[in-house]
Number of protein chains: 2
Amino acid sequence: MRVTLKDIAAEAGVSTMTVSNVINGKRARVSQATIDRILRIVEQRGYVPSASARSLAARSSRIIGLLVPATGEDSLTISPHTVEIIGVLERELRKHDYHLMLRGIARLNEVAEALRSWNLDGAVLLGFQDVEIDRLGPAVVGRVALVAMDSYSENPLALGVRSDDFTGAELAARHLLELGHRRIAFAGPAFFDTGVVRQRYEGFRSAFAAAGAPWEGATVAAVETTHAAGREFGRLLAAEHPEVTAVFTTADILAIGVMEGLAEAGLAVPGDVSVVGYDDLDIATYVTPKLTTVAQDIPAKAAVAVRLLLGQINREEHPDAAITLGAKLIERGTTAGARRG
Amino acid sequence: MRVTLKDIAAEAGVSTMTVSNVINGKRARVSQATIDRILRIVEQRGYVPSASARSLAARSSRIIGLLVPATGEDSLTISPHTVEIIGVLERELRKHDYHLMLRGIARLNEVAEALRSWNLDGAVLLGFQDVEIDRLGPAVVGRVALVAMDSYSENPLALGVRSDDFTGAELAARHLLELGHRRIAFAGPAFFDTGVVRQRYEGFRSAFAAAGAPWEGATVAAVETTHAAGREFGRLLAAEHPEVTAVFTTADILAIGVMEGLAEAGLAVPGDVSVVGYDDLDIATYVTPKLTTVAQDIPAKAAVAVRLLLGQINREEHPDAAITLGAKLIERGTTAGARRG
DNA sequence: CATGCTAGGTTTAGCGCTATACCTAAATCG
DNA sequence: CGATTTAGGTATAGCGCTAAACCTAGCATG
């Protein structure tokens with residue numbers, strides 16, 4: 001059978017509480033000799049505490065949920081961007097002896113279920129829309145620490161962590177404008193009215209204003225964040241928008257699709273059309289020419305998320321309402337002066 | 001406070017066991033009227049069972065561990081290939097009301113810790129070496145169902161699930177040989193003596209034998225599975241192996257690196273050198289020309305893993321010792337007839 | 001010398017659930 | 001018509017741990 005606290009206590013000749021205290025580092029009221037004896041026995045017997053019993057008794061699981069949108073049928077679509085976040089989250093949490101539970105969320109009320117069922121101490125929401133975050137009420141959340149990645153929701157129940165999407169897009173647009181482009185396309189998913197996409201859209205717009213460029217030069221298109229949709233859009237651009245000489249996209253994968261679509265239509269990048277991506281994923285450097293893109297510090301974003309979570313859990317007051325990290329432009333080979341026709 | 005079984009039982013005027021039985025689908029000995037009444041109250045009160053209490057009492061957690069190698073310092077490196085597996089695993093397990101816990105493993109004995117501490121019902125080992133799987137003893141594993149992805153270990157404690165790496169590599173090599181190549185490089189990580197790499201190596205060799213091609217034509221190189229290492233190798237090939245006209249790599253990412261290295265050295269793909277990857281990741285189609293590669297059915301692999309796990313958990317006898325899925329060659333643009341120099 | 005304080009513990013009472021054994025009235029059987 | 005089965009439950013005893021309150025001997029203090 002399993003080795004329990006009781007076994008250790010019996011062998012050490014003390015009560016289970018003493019063993020429990022030693023194991024949990026509450027050693028103030030235990031003599032050094034007893035501590036040593038207990039630890040030796042624990043080691044020897046290969047005692048591993050039962051997490052279920054712990055979380056039942058202590059009402060805290062040391063599990064952080066990683067909640068990702070999912071449909072019932074499809075498997076989770078985890079973008080490369082998300083993957084990097086997961087890796088860093090896991091490491092940071094493991095350092096603090098927390099564990100990560102991955103859960104696809106098909107309907108929003110599953111969030112409550114996930115939180116309550118597992119007694120989660122906290123959760124990271126990855127890839128949800130702002131409107132979804134907005135809808136999380138106190139009944140759902142309870143006393144669980146929540147961090148929403150890439151959210152601009154004002155919901156005080158979920159702290160937002162994001163990089164500066166406004167500035168990122170602004171930098172990209174300014175870069176294109178400085179190269180002389182005036183007819184620029186903005187391609188991103190169809191949520192211009194909220195969240196990350198909105199910020200990028202506004203940043204993009206702001207650069208036009210700052211440069212005194214006519215906003216009429218912009219072509220705004222709702223394009224799904226996939227390679228295929230990007231390719232489609234590239235072809236469309238080639239066929240029906242001869243005036244456009246540059247494209248800003250909200251994702252590298254989209255930019256790479258656009259590049260392919262343009263190439264198929266016989267247009268050169270950056271010769272005829274310049275392209276800018278977003279995220280600076282590894283794939284940005286795998287394509288030819290290498291993609292000019294906006295970089296965010298993803299590991300930092302994940303680390304901040306963990307810091308906020310643990311801060312909330314340990315009641316170091318409710319920390320900062322939201323954290324915004326920087327973004328910077330990485331100039332590579334897909335942008336050049338404007339000329340097409 | 002939390003709504004508990006007791007609350008539901010009191011409100012329904014039955015014992016907690018009856019509620020428990022209804023909730024767990026053991027409804028044989030409960031009248032339909034009582035079932036309906038209980039379910040209505042459960043719904044109404046928003047009752048969610050406590051997973052910790054359950055796993056403590058039932059000695060089963062309904063959690064499957066997803067164990068991935070990790071160093072203490074680095075974050076988990078999750079390859080695109082791994083990501084796809086994770087997504088499918090999550091969906092399949094969620095269907096059966098199991099949950100996924102992600103855990104980086106720095107030292108092998110952490111496997112035991114993870115399994116015991118959380119009372120895991122099973123675990124999927126992702127990305128471990130065969131020798132590591134070999135070392136898992138009964139003391140570590142206990143009665144936990146274990147599936148090792150991409151393992152060729154003979155350890156009966158961990159069922160292996162993999163695709164047919166031997167045949168995949170053989171197909172690739174045969175393709176190159178049929179195109180007339182005789183001086184072919186094999187590039188892969190330095191574990192030629194075991195596991196997946198060994199299978200691919202043997203498959204590669206076997207194609208030479210089958211084609212009656214002299215094995216002396218092969219150049220075997222240990223190259224890390226990264227873009228940077230591939231690029232380095234591509235340059236090396238260009239500079240010091242003028243006789244080589246084709247490269248088979250054990251990963252797409254590696255192949256893409258090789259392509260870049262070759263291009264930098266002024267060699268054309270496939271004009272001067274043909275390149276074949278492995279895995280058929282999305283990125284294989286993002287590069288120019290598109291990468292010829294070996295495809296495995298990753299979703300199927302993950303689904304099989306879940307099937308084996310659940311099979312073991314439900315004691316449908318100990319199922320098949322290991323499962324090998326197919327592999328096929330996807331011919332795209334990076335392979336052509338042999339000519340260089 | 002009564003009194004408090006401190007070090008070093010112990011005792012008690014659950015946390016919320018499930019396994020197991022048991023119970024009772026009504027229906028069925030030989 | 002007594003014995004057995006069946007439907008539809010209940011009672012009891014934990015699972016392994018922790019929070020909170022309590023205890024006691026020994027020492028210092030006014």
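Q: Which residue in β2(B) is the bridge partner of A:L100?
A: The partner of A:L100 is B:L102. The model is a predicted one.

Q: What makes β2(A) and β2(B) count as paired strands?
A: Pairing needs at least two bridges found by DSSP. β2(A) and β2(B), residues 99-105 of chain B, have three bridges, in the antiparallel sense. The two strands therefore count as paired.

Q: How many residues does each chain bring to the contact between chain A and chain B?
A: Chain A brings 40 residues and chain B brings 40 residues. On the chain A side, α4, α5 (80-95), β2 (99-105) and α6 (109-117) each supply at least two residues. α5(A) gives the most, with eight residues. By class, this side of chain A has 20 nonpolar, 13 polar and seven charged residues.

Q: Why is A:S61 called buried?
A: The cut-off is 20 or more other C-beta atoms within 10 Å. A:S61 has 23 such neighbours, so it counts as buried. A:S61 sits in the loop between α4 and β1 (63-69) of chain A.

Q: Which residues are in contact with A:S61, leaving aside neighbours within four places in sequence?
A: They are A:S55, A:W118, A:N119, A:L120, A:D121 and, from chain B, B:S52. A:P80 is 19 residues from A:S61 along the chain, and their C-alpha atoms are 29 Å apart.

Q: What makes B:H81 buried or exposed?
A: Buried requires 20 or more other C-beta atoms within 10 Å. B:H81 has 21 C-beta neighbours in that range, so it is buried. B:H81 belongs to helix α5 (residues 80-95) of chain B.

Q: Which residues does B:H81 touch, not counting those up to four places away in sequence?
A: B:H81 touches B:D279, B:L281 and B:I298. As for B:D282, it lies 201 residues from B:H81 along the chain, with 9.7 Å between the C-alpha atoms.

Q: Why are α2(B) and α3(B) called roughly perpendicular?
A: The range for that term is 65 to 115 degrees. α2(B) and α3(B), residues 32-45 of chain B, pack at about 85°, with axes 10 Å apart. The pair is therefore roughly perpendicular.

Q: Which residues meet where α2(B) packs on α3(B)?
A: From α2(B) come B:T18, B:V19, B:V22 and B:I23. From α3(B) come B:T34, B:I35, B:I38, B:L39 and B:V42. The contact has seven nonpolar, two polar and no charged residues.

Q: Which residues come nearest to DNA strand D?
A: Among 24 residues around DNA strand D, the nearest are A:L5, A:S20, A:A57, B:S15 and B:S31. The largest share, five residues, comes from α4(A). By class there are twelve nonpolar, nine polar and three charged residues.

Q: Which residues are closest to DNA strand C?
A: DNA strand C is surrounded by 24 residues, with A:S15, A:S31, B:L5, B:S20 and B:A57 closest. α2 and α4 of chain A and α2 and α4 of chain B give two or more residues each.

Definitions and conventions
Residues numbered from 1 in each chain as written. Chains lettered and ligands numbered in written order. Predicted model: local features only at pLDDT ≥ 70, side-chain atom pairs only at ≥ 80, totals over all residues. Near = placed C-beta within 6 Å. Helix = DSSP H or I, 4+ residues; strand = E, 2+ residues; numbered from the N terminus. Nonpolar A, V, L, I, M, F, W, Y, C, P; charged D, E, K, R; others polar. Buried ≥ 20, exposed ≤ 12 C-beta atoms within 10 Å, placed from the backbone. Contact = placed C-beta atoms within 7 Å. Axes fitted to C-alpha atoms, helices over the stretch in contact; angles between N-to-C directions. Parallel < 35°, antiparallel > 145°, perpendicular 65-115°, else oblique.
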